[in-house]
Amino acid sequence: MAEFKVCERFVSINGEAAHAGELAVFLRFCGCNLQCSYCDTAWANAENAPYTVYTTQELCDYVASTGVKNVTLTGGEPLLQEHLPELLEALHALDVRTEIETNGSIPIAPYAQSAARPVFTLDYKCPTSGMEAQMCMDNYHYLQAHDSVKFVVGSQEDLEKAREIITAYSLAQRCHVFLSPVFGSIEPKDIVAYMQEHRMNGVRMQLQMHKFIWHPEERGV
């Protein structure tokens with residue numbers, strides 16, 4: 001049976017995207033292929049990150065024990081997990097809603113066409129991140145109505161890029177779309193003003209809820 005390096009597993013609320021505020025079981029995997037300038041989970045990406053090895057069955061047993069029906073796979077970058085298809089199949093059998101938070105650099109096609117298809121919350125890394133060149137633009141062809149694209153913005157340049165991508169791929173007509181501020185780098189009111197100026201219908205500005213409930217650097221929440 002497959003094994004996974006898991007930095008954290010806990011129950012909390014989803015802090016962002018379409019199911020913000022709802023309870024979810026979080027499984028946070030080690031490792032990421034990007035190094036975003038504003039990363040708030042860099043500790044989980046380090047080679048010496050603390051982790052526990054769990055089998056697919058152990059993770060599913062934990063999920064089942066919580067009684068919570070939303071499962072969020074996060075990281076790090078969960079799509080780096082070699083045995084992810086096995087875990088998705090097992091979670092699908094539990095009749096839970098599985099969401100993958102992915103950084104947008106890895107193809108989602110193999111999972112988007114699976115019978116155990118998860119819900120995707122797909123990041124687009126704007127210029128402030130330093131990782132924009134790594135984006136896999138083919139991913140946008142596989143989005144469905146219950147998926148989300150999240151633009152983490154820290155500047156006017158980021159807002160311009162987000163609007164460009166939203167328009168080019170008709171994202172607001174295809175899935176949920178969110179603008180989320182880089183914590184401490186841009187005023188939320190400036191994002192709202194930009195949305196007003198450009199009549200960005202079908203797009204939502206969203207704050208990371210968990211950073212207002214708990215300390216922004218607190219883990220396990």
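Two strands count as paired if DSSP finds at least two bridges between them. The views below come from a predicted model.

**View 1. Strand β4 and its parallel neighbours.** Strand β2 (residues 23–29) is joined to β4 by 4 bridges, and the two strands run parallel. Within this part of the structure, R28 stands opposite T74 in β4. Strand β5 (residues 97–102) is also joined to β4 by 4 bridges, again in parallel. The bridge partner of N70 in β5 is R97.

View 2. N70, T72 and T74 point one way from β4. V71 and L73 point the other way, and the residues on both sides are buried.

**View 3. The unit made by β4, α2 and β5.** Helix α2 (residues 84–93) forms a right-handed β-α-β unit together with β4 and β5. The strands of this unit, β4 and β5, are the parallel pair joined by 4 bridges.

**View 4. The salt bridge between E99 and R97.** Side chains of opposite charge can pair when their charged atoms come close. The side chains of E99 and R97 form a salt bridge, with 3.5 Å from N to O. Both E99 and R97 are buried. R97 is also the residue in β5 that has N70 as its bridge partner.

**View 5. The salt bridge between D147 and R117.** The side chains of D147 and R117 meet at 2.7 Å, N to O, in a salt bridge. This pair links distant parts of the chain, 30 residues apart. D147 lies in the loop between β6 (119–125) and β7 (148–153), while R117 lies in the loop between α3 (109–112) and β6. D147 counts as buried because its relative accessibility is 0%, under the 20% cut-off. R117, at 18% relative accessibility, counts as buried too.

View 6. K150 and D123 meet through their side chains in a salt bridge of 2.9 Å, N to O. The pair links distant parts of the chain, with K150 in strand β7 and D123 in strand β6, 27 residues apart. Both K150 and D123 are buried. A network of salt bridges links D123, K125 and K150. Across the whole structure, the search finds 8 salt bridges.

How values were computed: Residues are numbered from 1 along each chain as its sequence is written. This is a predicted model: local features need pLDDT of at least 70, side-chain atom pairs count only at pLDDT 80 or more; totals for chains, interfaces and linings use all residues. Side-chain values use heavy atoms; hydrogens and water are left out. A salt bridge is a side-chain nitrogen of Lys or Arg within 4 Å of a carboxyl oxygen of Asp or Glu. Buried means under 20% relative accessible area, exposed over 50%, partly exposed in between (1.4 Å probe, protein chains only). A crossover is right-handed if, with the strands pointing away from the viewer, the path from the first strand over the helix to the second runs clockwise.
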